[in-house]
Amino acid sequence: MDRRSLLLGAGGLAAGLAAPAIVQAQGAYPSRPVRLVIPWPPGQATDLMARVTATRIAETWGQPIVPENRAGAGGMIGTDLVAKAAPDGYTVLAASTGPISTAPLVQRTPYDVQRDFAPVAQIGISPYVLIVRKDFPAQNAAEFVARVRAEPDKYTYATSGTGAAAHLITLMFLTRAKLQAVHVPFQGSGPGLTAVTAGQVDFAIETLVATSALFRQGAVRALGVSLKDGTELQPDLMPLARLPGVEGYDAGAFGGYMVPAATPRPIIDRLAAETEKALATAEVKARLAQIGFQPYFRNTADFSSFLTRHSAEFREVIQAHNIKVDS
């Protein structure tokens, strides 16, 4: 073995020994309150998802998990705070699609996701629903596709902003279905859905949690859901992937936990295991369902692979449509 290989091997051994040593020095983890940074305002879907799961984990640990909302810049402020936190397991990020998967592809971010974060576990996924104004001339998803395809650029769709998850998930559907429609971006999903409800915009693909009250009240009509296997939260909604030419369409916004890079692996494993246990309880499942969030646990390895695929899918649609938020 040459000297360089020996040094590399020694370095790897040292790194492998370092994590358990850190955990041992800290004592049993967690030995004090854990800070959960939520980069969104209170009441937002990621906020609720993270709090519901953390409450159960804290009960098991016997140590509080303290939520801290650090909203701003589309989730980037709070996300950056965790990127720069000590990698000791006492600062956890409520991670979601916007600041982790889409923002880095369309604008400068003060953090590098691959360099600055370690995935822990996925908690679930937020289904998206195709809704149309209540007088739209189509009664189901197949009729919708036929109508929009027959009249390119006649119909309009609302999103929560250029480059936002809703915009990209809508473009994924339109591209697969070979549809051309006019994008009308709003500052947030609320104003966009209000415009569809008022009949000012023709359709939108937005989260189940944001749209369910509207279509249940008859203010808009729901034609399909973005998850290829449908959603247990609204089983009457047809998966859009069943449409001819749209096979394989499977899109949603994830929620999960991430920690600063270099956090010791035993801590990551413990938090992932406790997350899985929490999601197995009927109470947590029911509370997540109430906020329109479908439980879908992925362990650390599967979550990491999912994040890679998730970003690649968004990158493809971004490049195909030349989407940029800033230069």
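Phe117 is buried, at 5% relative accessibility; buried means under 20% relative accessible area, exposed over 50% and partly exposed in between, with a 1.4 Å probe and protein chains only. This is a predicted model, where local features need pLDDT of at least 70, side-chain atom pairs count only at pLDDT 80 or more, and totals for chains, interfaces and linings use all residues. Residues are numbered from 1 along each chain as its sequence is written, and side-chain values use heavy atoms, with hydrogens and water left out.

**Aromatic pairs**

- The structure holds 10 aromatic pairs. Rings of Phe, Tyr and Trp (its six-membered ring) pair if their centres lie within 6.5 Å; planes under 30 degrees apart count as stacked, over 60 as edge-to-face and the rest as tilted.
- One of the pairs joins Tyr29 and Tyr90, with ring centres 5.2 Å apart and planes at 70 degrees, so it is edge-to-face.
- This pair links distant parts of the chain, 61 residues apart: Tyr29 sits in the loop between α1 and β1, and Tyr90 in the loop between α3 and β3.
- Tyr29 is buried at 7% relative accessibility. Tyr90 is buried at 5%.
- Phe117 pairs with Tyr111: the ring centres are 5.9 Å apart and the planes stand at 85 degrees, so this pair is edge-to-face.
- Tyr111 is buried too, with a relative accessible area of 4%.
- One aromatic cluster is formed by Phe136, Phe144, Tyr155, Tyr157 and Phe203.

**Backbone details**

- Most residues other than glycine have a negative phi, and most peptide bonds are trans.
- The peptide bond from Tyr29 to Pro30 is cis, with omega near -5 degrees. Pro30 lies in the loop between α1 (3-26) and β1 (34-38).
- Ala73 is not a glycine, yet its phi is positive, near 55 degrees. Ala73 lies in the loop between β2 (65-69) and α3 (76-83). Its relative accessibility is 49%, so Ala73 counts as partly exposed.
- Ala262 also has a positive phi, about 80 degrees, without being a glycine. Its loop runs between β9 (252-260) and α10 (265-279). Ala262 is exposed, with a relative accessible area of 63%.

**Helix α3**

- α3 is mostly covered, with six of its eight residues buried.
- Those buried residues are Met76, Gly78, Thr79, Asp80, Val82 and Ala83.
- Their cover includes β1, β3 (91-96), α4 (97-106), α5 (113-116), β4 (117-133) and β9. Contact means heavy atoms within 4.5 Å.

**Whole chain**

- The protein chain has 12 helices and 10 strands. Helices (H or I, at least four residues) and strands (E, at least two) are DSSP runs, numbered from the N terminus.
- A compact globule of 327 residues would have a radius of gyration near 20 Å, and the chain's 21 Å agrees. The radius is taken over C-alpha atoms; the globule rule is 2.2 Å times the number of residues to the power 0.38.
- The C-alpha trace spans about 70 × 50 × 35 Å along its principal axes.
- Of the 327 residues, 51% count as buried.
- Among contacts with a separation of 6 or more, 79% come from residues 24 or more positions apart.
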